Amino acid sequence: MAKVRVHNFTVSLDGFGAGPNQRVGHGLGDGGEQLHEWAFRTPTAGRAFGMDVSEAVEGVDDDFWKRGDEGIGATLMGRNMFGPVRGEWDSDPELADWKGWWGPEPPYHHPVVVLTHHARDPIPMEGGTTFHFVTAGLEAGLQQALDAAGGKDVRVGGGVSTVQQLLRARLIDELHVAISPVFLGSGERLFDTDYPGYDVAEMVAGDRVFHVVLRRG
Ligand SMILES: NC(=O)c1ccc[n+]([C@@H]2O[C@H](COP(=O)([O-])OP(=O)(O)OC[C@H]3O[C@@H](n4cnc5c(N)ncnc54)[C@H](OP(=O)(O)O)[C@@H]3O)[C@@H](O)[C@H]2O)c1
């Protein structure tokens, strides 16, 4: 049966998955870009994001990053992860044509379902990614992603609110968190309660982050 998986979701030492004030140029909020420095120093993520990988090292962190792409047929994400537009899609004329953070060819290459309260037509992108906007709620959005995945697993891309809702509803099978050695002080905290029913399945020290995998019991 297809699984619902979260991978490489990075939190600070004080538990934040994004800093405050998400906006254009600072999608992860104030200070949030530090969270993913570990990933950009792996060959796989470094190449995917067009970084210089001459000093990138293979190893535990790279292996975890790669696991996030294996067997995935569709992605589910919240509207804030898709971009900085809030309210109506045309609320800011400069962002009225927003098509995600990732440029003309996003690194998904499969259907991406975006949860939102604001309807919008699907946006086909280069390379096989199409963004579909679902206003019918969490479970309807997840079902659309599962249908689109065609029997493969669904990856939950984030952000914090979306992961929390799915955990609360016990709809996530596996959640990999990378704990990054930085403090953010404020922002969006990933674990806002104890989420009963999830067990720690793996704990591994990587090169730059500590990896914890939770599985639904
Ligand atoms: N640290 C990491 O590894 C990581 C990974 C991914 C993302 N992030 C970061 O996380 C931040 C975004 O997280 P977030 O918690 O602010 O928001 P989010 O989960 O990305 O999106 C929340 C928004 O999605 C829509 N939404 C969510 N659930 C819905 C539902 N059940 N029904 C209808 N609409 C729903 C709502 O938008 P509307 O009501 O406005 O339509 C809601 O305000 C960004 O900074 C992103 O870069 C971090």
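**Group meeting talk: the ligand and its surroundings**

Let's start at the ligand. One of its oxygen atoms sits 3.0 Å from an N or O atom in the side chain of His-36. That pair is a polar contact, meaning N or O atoms within 3.5 Å. Within protein, one atom must be able to donate a hydrogen and the other to accept it, and residues adjacent in sequence count only if both atoms are side-chain atoms.

A word on the source. This is a predicted model, where local features need pLDDT of at least 70, side-chain atom pairs need pLDDT 80 or more, and totals for chains, interfaces and linings use all residues. Residues are numbered from 1 along each chain as its sequence is written, and side-chain values use heavy atoms, with hydrogens and water left out.

Back to the contacts. Arg-79 places a polar side-chain atom 2.6 Å from a ligand oxygen. Gln-165 has a side-chain N or O atom 2.8 Å from a ligand nitrogen. How much of the ligand does the protein cover? The answer is 87% of the 940 Å² of accessible area that the ligand has on its own. That area comes from the Shrake-Rupley method with a 1.4 Å probe; for residues, only the protein chains shown count as cover.

Now the shell. There are 27 residues around the ligand, and Thr-10, Gly-27, Arg-79, Thr-116 and His-117 come nearest. Near means that a heavy atom of the residue lies within 4 Å. Which helix gives the most to this shell? It is α6, with four residues. Helices here are DSSP runs of H or I, at least four residues, and strands are runs of E, at least two, numbered from the N terminus.

Next, helix α5, residues 138–149. Its 12 residues should span 16 Å at 1.5 Å a residue, and its end C-alpha atoms are 16 Å apart, which agrees. The expected span is 1.5 Å times one less than the number of residues. Leu-138, Gly-141, Leu-142, Ala-145 and Ala-149 are its buried residues. Buried means under 20% relative accessible area, exposed over 50%, and partly exposed in between, with a 1.4 Å probe and protein chains only.

Last, the backbone. The peptide bond from Gly-158 to Gly-159 is cis, with omega near -5 degrees. Gly-159 is in the loop between β7 and α6.
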